[in-house]
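I opened a new model today and kept notes as I went.

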Amino acid sequence: MKIMNSQTVKGLINKALLKNKLLSVLGLAITAIVIIGVMVGGFLDMQAKAQFVDKTLPGKFGRMFNNLPPFAPPNPTVQAALMEMGKPGGILDAKDNLAAGPIALITNPALNVNNPNNPTHTAGTTFMSQFMDLDITHDTTSRLGQVTAPVTAPNARTAAFDLDNVYGDGPVGSPNLYDPKDPIKLRLETGGLFEDLPREANNRAIIADPRGDQHLIISGLVSAFFSFHNHAVDLVRSQSPAISNDEAFSKARQLTTWHYQWMILHEFLPLLVGQNMVNDILNNGRMFYNPLPNRAFIPVEFQVGYRFGHSMIRPSYRANLAGDNGQPFFAFIFDPSQEGKPDPDDLRGRARAPRRFIGWQTFFDFGDTQVRPNKLIDTKISSPLFNLPLQTIGSGTPPTSLIQRNLLRHLTWQLPSGQDVARKMGVTVLSKNDLAELRSIYPSFDSSTPLWYYILKEAELREKGLHLGQVGGRIVGEVILGLLQLDSNSYLNVNPAWKPTLPTKTGKPENFRMIDFLTFAGVDPASRGQ
């Protein structure tokens, strides 16, 4: 038996201790990895639940179809494919001949072949639809293409057609929106031939939602709502001379809001989704948008799908008939070459000049043969929307193609495919051949299509572009009707038998339409003599 000396024994002991220490550290590391894995897994699970389960947080965005998978993974390849779909000159670009000028694009039928007019809509349908959107949804925090749980994204507007984009927080909460000489009336200015929004020295509009000044037509609509309310104040005071300011404001706001809600239900929603869809939802109830009481929210499927309205925009418009030194003012909706001009030759907002007002006979039918149509709901989008002025983009950053921005939002919200939504609804799914143009862009897009594109294609193929089809129509119809039905202050809840009380062209209260709204507001052609 060999006897080891003390040095050898000491070395062996140190090696054993080192081995035990290494094993102990390794054990701790493995334990830490397991714990971190559990924590990360739990966090990701919470995120997944936030994205796909919790859809009923008021004041936040949510989901209408919370159990459907995303249409595609949010990777760079898919993002590049969406950018390709929405690029200038791409498959969605109507390739309007902009060199022909804004007048020819309206008057020459040969220039409309690839971007047809909608014979059932007037040009104003587009912009009243946009105004409605500004009233109920404003996403200020999510980023294009960056995956975001809808439940974490606040909606800066109330999920109700209550005109908070007009009234702000009222005379007390938003005094800058109101006339200092009569603080229950909204502040209006001119600076041109007719009314204009109040503006700062840099021409930035003083309004509750800056998007209301993106272009001249929407700022004209906001001005018309301001004027309507002010006339409503005068009417309320004439009927009750001793009424207090607080009560007069409340009555005038209700009068304005209820007539607006009436037009949504009886004029604009049928144009967008078809009267049959409206009747079906009213008679049989909502199937897919069913928030709990007092928990109305905007689903991201609606927030993106409602952008179908971009397909209805014309490349150019006649803003008015006699405002440009006695001549009509024709212009492109947007023209980046006009950046920095005080009176640009396009219809962008944030500018003031005598010709910058809207002659509404171009946009709504006053019976004088001057009204013009908008574009079909289809997969051909007017070319100016592929090159927006940066000033019109809230973040002030590219991409400048509005269509690319729409498509990237599918990744932001991880939206389901149009096909999966159609199957969920139990309606006939578009075939792969119906969407064959997408195969060369991304192999699975013909069978798992971005929802917005699917909605446009469905309208084009199934409804000849006159209004939305079954998928798009039900999403839009159920949410718009739902918001009216869930609002405890809407006329549908307060007084379902109510009918408009203001004059109509036909003399029948139930026929109150946009032309009557504009007439009461005093911005109609007859009131202006133009």
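**Entry 1: enclosed space**

I began with the second largest cavity, which holds about 50 Å³ of space. The model is a predicted one. I listed the residues around this cavity: Leu321, Ala322, Phe357, Ile358, Gly359, Trp360, Gln361, Val523, Asp524, Pro525, Arg528 and Gln530. Strand S6 (316-324) and H17 are the elements that give two or more residues to this lining. By class I found seven nonpolar, three polar and two charged residues there.

I then turned to the largest cavity, with a volume of about 60 Å³. Its lining consists of Glu195, Asp196, Leu216, Ser219, Gly220, Ser223, Arg356, Phe357, Ile358, Trp360 and Arg528. H7 contributes the most, four residues. The classes here are four nonpolar, three polar and four charged. In total, the structure has six cavities of 30 Å³ or more.

**Entry 2: following Arg528**

Which residue does Arg528 meet in a salt bridge? The partner is Glu195, at 2.4 Å from N to O. Arg528 sits in helix H17 (residues 525-528) and Glu195 in the loop between S4 and H7, so this pair ties together parts that are 333 residues apart in sequence. Are the two buried or exposed? Arg528 is buried, at 11% relative accessible area. Glu195 is buried as well, at 16%.

**Entry 3: other salt bridges**

I counted 25 salt bridges in the model. As background, side chains of opposite charge can pair when their charged atoms come close.

I looked up Asp182 and Arg237 next. Their closest N and O atoms are 2.6 Å apart, in a salt bridge. This pair also links distant parts of the chain: Asp182 is in strand S4 (residues 182-186) and Arg237 in helix H7 (residues 216-239), 55 residues apart. Asp182 has a relative accessible area of 14% and is buried. Arg237, at 25%, counts as partly exposed.

Glu84 and Lys87 form another salt bridge, with 2.9 Å between the closest N and O atoms. Here Glu84 is partly exposed at 36% relative accessibility. Lys87 is partly exposed too, at 30%.

I also traced a network. Salt bridges link Arg187, Glu189, Asp196, Arg199, Asp213 and Arg352.

How much volume does the largest pocket have? I read about 1,300 Å³. It is lined by 42 residues, and the closest to its centre are Arg211, Gln214, Thr392, Ile393 and Gly394. Helix H4 (123-136) and helix H11 (402-413) are the elements that give two or more residues to the lining. H4 gives the most, six residues. The lining divides into 14 nonpolar, 18 polar and 10 charged residues.

The second largest pocket contains about 410 Å³ of space. I found 19 lining residues, with Ala160, Asp162, Asp487, Asn489 and Ser490 nearest the centre. Helix H8 (residues 245-273) supplies the largest share of this lining, six residues. Six of the lining residues are nonpolar, nine polar and four charged.

**Entry 4: helix H16**

How many residues of H16 (residues 514-521) are buried? I count seven of its eight, so the "under 20%" cut-off on relative accessible area makes this helix mostly covered. The buried ones are Met514, Ile515, Asp516, Phe517, Leu518, Phe520 and Ala521. They pack against H4, H7 and H8. Gly522 follows the helix with a positive phi, near 80°.

I had met the partners before. H4 lines the largest pocket, H8 lines the second largest pocket, and H7 lines the largest cavity.

**Entry 5: whole-protein totals**

I closed with the overall figures. The protein has 17 helices and eight strands. Of its 530 residues, 53% are buried. Among contacts with a separation of 6 or more, 72% join residues 24 or more positions apart.

Terms used:
Residues are numbered from 1 along each chain as its sequence is written. This is a predicted model: local features need pLDDT of at least 70, side-chain atom pairs count only at pLDDT 80 or more; totals for chains, interfaces and linings use all residues. Side-chain values use heavy atoms; hydrogens and water are left out. On a 1 Å grid over the protein atoms alone, a cavity is a set of points where a 1.4 Å probe fits but cannot get out, and a pocket is an open set with protein on both sides within 12 Å along at least five of seven lines; lining residues have an atom within 4 Å of a point. Grid points are joined across faces, edges and corners, and a volume is the space filled by probe spheres set on the points. Ala, Val, Leu, Ile, Met, Phe, Trp, Tyr, Cys and Pro count as nonpolar, Asp, Glu, Lys and Arg as charged, and the others, Gly among them, as polar. A salt bridge is a side-chain nitrogen of Lys or Arg within 4 Å of a carboxyl oxygen of Asp or Glu. Buried means under 20% relative accessible area, exposed over 50%, partly exposed in between (1.4 Å probe, protein chains only). Contact means heavy atoms within 4.5 Å.
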